[in-house]
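Subject: Structure for you to look at

Hello,

Here is the structure I promised. Please open it and keep it beside this email as you read.

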Amino acid sequence: MRLHFSVALICATLFSIAGAEDPYRFFNWNVTYGDIFPLGVRQTGILINGQFPGPDIHSVTNDNLIINVFNNLDVPFLLSWNGVQNRRNSYEDGVYGTTCPIPPGKNFTYILQVKDQIGSFYYFPSLDFHKAAGGFGGIRILSRPRIPVPFPDPAGDYTVLIGDWYKSNHTDLKAHLDGGRKLPFPDGILINGRGPGGASFNVEQGKTYRLRISNVGLQNSLNFRIQNHRLKLVEVEGTHTLQTTYSSIDLHVGQSMSVLFTADQPAKDYYIVVSSRFTTPVLTTTATLRYSNSTGPVSGPIPGGPTIQIDWSLSQARSIRKNLTASGPRPNPQGSYHYGLINTTRTIILSNSAGQVNGKQRYAVNSVSFVPADTPLKLADYFKIGGVYRIGSISDRPTGGGIYLDTSVMNTDYRAFIEIVFQNDEDIIQSWHLDGYNFFLVGMDGGQWTPASRNGYNLRDAVSRCTTQVYPKSWTAIYVALDNVGMWNLRSENWARRYLGQQFYLRVFTTSTSLRDEYPIPKNALLCGRASGRRTRPV
């Protein structure tokens, strides 16, 4: 009774903030351990309501999502929402820099609003190495009625979660990293939590289907393809794209996109194939596309795809462009925001690196390897607790020095329009994600970035997304309009690198206390570390 009362009270307080006109969707999630066998051996998985992967979140633009999470694990737990911007509300972001973990045996109610968003995303557990055990699931945000979508409604709409996977339990992988070692090569690839041949998708001949594909893995870029079928890209992380058709498509770790395909082949079963990119050896797995009137099982060789070719992937990435005439979450065309005409006010150059600190493997951004503080950084800001972190603890340019440990936070100004350059001087591909934002992917190329590189920027129809790859010995440049106040995690999506320091927090700050700029701390916020014993707000 007490739980239902508290949730109702929380929701009642939202009407003045989120707006009473926007619908509410309620979720009760029970997080437990459970035995899973995705690659044929028993492992301890993290289940949500007994499911691996977890349940999908279905929502519509501007919906309020009330997600009550019961932590029945024996360790603290948090969920984060990859691509959900949590506008004006980084307290709900679900990473340790913003949100206190849910203690074992306790619950916490996330209050999210998918404000002015559409598209395909996913959620995942953000603490320790929990992501290697499951706890992830798909998020779809549909357009509101009467907002035009640039393609007919598909006959079916499937979530497809792909990712590399280890047979080892997540606790063993974490202990491996804590011991100062690199992760070994993964053991396989999963499609919707299943190993080779385990997943299937049913279609009817002649009909068109949407696949919302997310790479929820730990480190590898993956290529997706369907035997004898073409894939039409229509959406990337909330942006409707030019509808380019591909025989296969790369998804780098952490990325999400939607493709359409038509079941226009003879009625039988076909391979769905996912394979690793830029690796030796190449990992491959399959699922089955099953026509309702199928006359036979899958046959023939498993279709091959690109393997180590970087130019192929770079060319495809550059071909992904924004559909300027299509509507996004609002009826006005996506091209009505002319980002290329806005002068940037700051350039930040971020260089990733790997090395040893005190004899242990670490990863860094501009020489700083992130270590968590004893208190979430956002709570330290709110309660004005000194000594938790230092503003300016990371430079906005590479220093060229050796790797050192710090709780790195970079300060930025609310409403600034900035350029961020990711410089990758290593010989492996990188994948970067920024919480709280979509950014304009204006350029990528090989070699060193220089100011002259701006001459090749796409200032007209660059795709807007929240996760980008940076190819080996290459750079990627993005433009970001800093219109979302908060403390936002900028991280490597290679999970071992993130765990061992390749991340920091972008503090988008304003002195304003207006609700138009940032919501107050949630009344139900958990308090921990040096914020323990303090009060949020009167209920």
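This is a predicted model: local features need pLDDT of at least 70, side-chain atom pairs count only at pLDDT 80 or more; totals for chains, interfaces and linings use all residues.

Residues are numbered from 1 along each chain as its sequence is written, and side-chain values use heavy atoms, with hydrogens and water left out.

The sheet comes first. Six strands form an open, mixed sheet in the order S24-S26-S34-S33-S28-S31. Strands S24 (390-391) and S31 (467-470) stand at the edges with a single partner strand each, so one side of each has no neighbour in the sheet. Strands here are DSSP runs of E, at least two residues; helices are runs of H or I, at least four; both are numbered from the N terminus. Two strands pair if DSSP finds at least two bridges between them. S24 and S26 (residues 408-413) run parallel, joined by two bridges. Ile391 stands opposite Val409 in S26.

Next, the cores. A nonpolar core is a set of buried Ala, Val, Leu, Ile, Met, Phe, Trp, Tyr and Cys residues joined through side-chain atoms within 4.5 Å. Buried means under 20% relative accessible area, exposed over 50%, partly exposed in between (1.4 Å probe, protein chains only). The largest core has 64 residues. Phe224, Leu289, Leu350 and Val480 have the most contacts inside it. Apart from it lies another core of 26 residues, including Ile46 and Leu112.

Last, helix H3 (residues 310-319). Its buried residues are Ser313, Leu314, Gln316 and Ala317. They fall within an arc of 165 degrees, so they line one face of H3. The arc is that of the directions from the helix axis to the C-beta atoms.

Best wishes
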